[in-house]
Amino acid sequence: MKCVICKTGETKPGKATVTLNRNGSTVVFKDVPAEICTTCGEDYTDEEVTERLLELSRETAETGVEVAVHHYVA
Ligand SMILES: [Zn+2]
């Protein structure tokens, strides 16, 4: 698909690192399946993946951990 950020790049399937901040917790997810723009590097995760990341970051925030790194497992 066409990248909506730079409007010139095309996205290709790959692995992204996504960082989410929630209630004072910073959660980093590595190896997240995503469409990545070949021009600007913007990553696009689908709805299912995004839901899972939000759920995991919520769980992490509840434990009171300030910074956490997860390897995404589908
Ligand atoms: Zn782009």
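**A strand-and-helix chain at a glance**

Strands (E, at least two residues) and helices (H or I, at least four) are DSSP runs, numbered from the N terminus. The model is predicted, so local features need pLDDT of at least 70 and side-chain atom pairs count only at pLDDT 80 or more, while totals for chains, interfaces and linings use all residues. Residues are numbered from 1 along each chain as its sequence is written.

**Overall layout**

**Strands 2 and 4**
- Strand 2 (residues 25-37) pairs with strand 4 in the parallel sense, over five bridges; pairing requires DSSP to find at least two bridges between two strands.
- How many of the five residues of strand 4 (residues 67-71) are buried? The number is zero, so strand 4 lies largely in the open.

**Helix 1**
- Why does the length of helix 1 (residues 47-62) agree with what we expect? At 1.5 Å a residue, its 16 residues should span 22 Å, and its end C-alpha atoms are 23 Å apart, which agrees.
- That expected span is 1.5 Å times one less than the number of residues.
- Just after helix 1, Gly64 takes a positive phi of about 80°.

Notes
A residue is buried if 20 or more other C-beta atoms lie within 10 Å of its own, exposed if 12 or fewer, and partly exposed in between; C-beta atoms are placed from the backbone.
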